[in-house]
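Here are some questions about how packed helices get their labels. Each answer sets a value against a definition.

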Amino acid sequence: MSDFRAAAEELRERLRRWSAEYYQEDSPSVSDSEFDRTLLALRALEEAHPELMTADSPTQRVGAAPLKGFDPVTHRLPMLSLDNAFSGDDLVDFDRRVRERLGVPAVRYVCEPKLDGIAVSIVWEEGELVLAATRGDGQTGEGITHNVRSIESVPLRLEGSDYPAHLEVRGEVYMPRAGFDLFNRRALAEGGKPFVNPRNAAAGSLRQLDSSITRRRPLAFCAYALGFWEGGARSFASHSEAMAKLSEWGIPISDYGRTVESIEGCEAYYQELALARQDLSFDIDGIVFKVDAFALQEALGSVSRAPRWAIARKFPAQEEMTVLREVEFQVGRTGAVTPVARLDPVFVGGVTVSNATLHNADEIERLGLMTGDTVVIRRAGDVIPQVVAVVEERRPEAAASIIFPGHCPACATALAREPGEAVWRCEAGLVCPAQQRAAIAHFVSRRAMDIDGLGEKIIDQLIELNLVATVADLYTLEAHTLAELERFGEKSAENLVAAIAKSRETSLARFIYALGIREVGETTARQLATYFGNLESLIGATPEQLQDVEDVGPIVAQHVVHFFGEPANVRTINGLLGRGVRWPVPLQDEGNLPLAGQSWVVTGKLESLSRDDAESALRALGAKVSGSVSGKTTAVVAGPGAGSKLKKAQSLKVEVIDESEFLSRLEAWQV
């Protein structure tokens, strides 16, 4: 028994330390998933040996003790935490327990995104905001009234006149993704320390003793529950009815809340939000499911730390812990040298990750990273995994410093860094085999010239055999030559030559993007093609003329001028044109095209054509294709799996058409 007691106390001490880092210092040293696993292990141990349970165990607590420096606020009703479901089976078990306790065949639930921020309580008296506090330990929180008053989305006075004399609302303060990215860029530029994730950014911003600092942080608020108020919650029949009333009073609620009639509806909502998650403007780490009817909530009651009528189903962890084995240095097509972490494989964000970006030398120094370190990896959707923190307490004695190279790993040219830049570059250009390889890989990629069948290993082979030195050489390759090479047969050689031949027919925008001009992405390439209309005008453009193009500033303009000023690049372009690469010359004035002046959005998965093809067809007809829906959007093409963009279009009453209708209209427009 002494072994079990020692193990339980070790787990408690670990959780207490991590809780202080997470809730009070806003600087966690471990991932959320590691915290959850440890908490579950302690709970299992205490359930198996009830005599080990202590009153101050982390399994009995909601959050953390209030910070010193803020006045304590006692909650009139406890701010409870939520139990977690980590699978569909956990959710089904929750529903079974609810129905068995209530003795009913089915239950109506409310589904809401679980915002990844910090829970707060806000009180309005006679419609005036008078008090705000953090959750704290569930009973007592920190008074943060002045800081919450600085958040633009929190009404200082309620709208209407039918609100109660005393109204307490619980909700989440969070930092939208765009604001988080901007804040971290500014922090790095000023030599400050960036936040690990938006949740810690929100918590750190809200716990400022100087409210003027909070005011400068891009925070937002979303209500998710009633607290104590005069008349009691029974003035409403349900949670969904109460939330609708809060919205009428000017209090922000989730745009994504929904009521469903069964647990099957909860599962469908979970899958829908999982698909739309990356399109949201804020981070969520799961979905909260609540019994909608207040009478049923009261009948179900609560345990010591969580209500029996609600549960949070977590998404697959976006942060996990693993070990950094080594760091490799890769050279990109613009000469940028990027350190890449080689990791023990770990499942995070729905995939197994074994590599992660370290960005640059400054990032390695900021993290204090060493090989052998245990690190926290973050992956959000399609974003490249990155190392966000080092768990220094797990650093082994054999950990070694990471030395950033002074010379190019591919060609040994001395690396250089321009003033004000964080990136070290090899300036050898296409003489550097790594840059040559990367330039060709970019040129043949799907969004550039779209040459199917040219993978990295084949590109390496073509370069090593001196069959290809520049992208123009691709158009001289012959099937009988390729058929003799390793990895090729007669049929695969013919297919590759056919794909290369097909790529000769392209668009000016794709061609500009495929050239790999530094900082010229797809959008900028389209804008350059639209503005100048032909390649000759673009090549001869001055920096001043280039800056007349939307979103082209002096730095991008200089990159464009420098690219076309290099004789080797001009020779490559002439070689491409001489070997048949071409694009249609516009035959119509853009103003006469059928969709001129319109803004369209394509979302979801289309079946008959790719989203790229759909967007290209719209642009060819004069439309502007946007990545977001607004009141200025003309129409949305929505395929299966469409998520938040579809929902926003419906809320704004923007026309939504399916793929079948879109294809019919395309045919009519092109007649």
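Q: At what angle do the axes of helix H12 and helix H13 cross?
A: The axes of H12 (residues 433-444) and H13 (residues 456-464) cross at roughly 130° and come within 10 Å. This is a predicted model, where local features need pLDDT of at least 70, side-chain atom pairs count only at pLDDT 80 or more, and totals for chains, interfaces and linings use all residues. Residues are numbered from 1 along each chain as its sequence is written, and side-chain values use heavy atoms, without hydrogens and water.

Q: Why is H12 called oblique to H13?
A: Angles under 35 degrees count as roughly parallel, over 145 as roughly antiparallel, 65 to 115 as roughly perpendicular, and the rest as oblique. The angle is roughly 130°. Therefore H12 is oblique to H13.

Q: Which residues of H12 and H13 meet?
A: Gln436, Arg437, Ile440, Ala441 and Val444 in H12 meet Ile459, Asp460 and Ile463 in H13. Contact means heavy atoms within 4.5 Å. By class, this contact of H12 with H13 has five nonpolar, one polar and two charged residues.

Q: What makes H3 and H9 roughly antiparallel?
A: Helix H3 (residues 88-102) and helix H9 (residues 263-276) pack at about 150°, with axes 10 Å apart. H3 and H9 are therefore roughly antiparallel to each other.

Q: Which residues of H3 and H9 make the contact?
A: Gly88, Leu91 and Asp95 of H3 and Ile263, Cys266 and Glu267 of H9 make the contact. The classes are three nonpolar, one polar and two charged.

Definitions and conventions
Axes fitted to C-alpha atoms, helices over the stretch in contact; angles between N-to-C directions. Helix = DSSP H or I, 4+ residues; strand = E, 2+ residues; numbered from the N terminus. Nonpolar A, V, L, I, M, F, W, Y, C, P; charged D, E, K, R; others polar.
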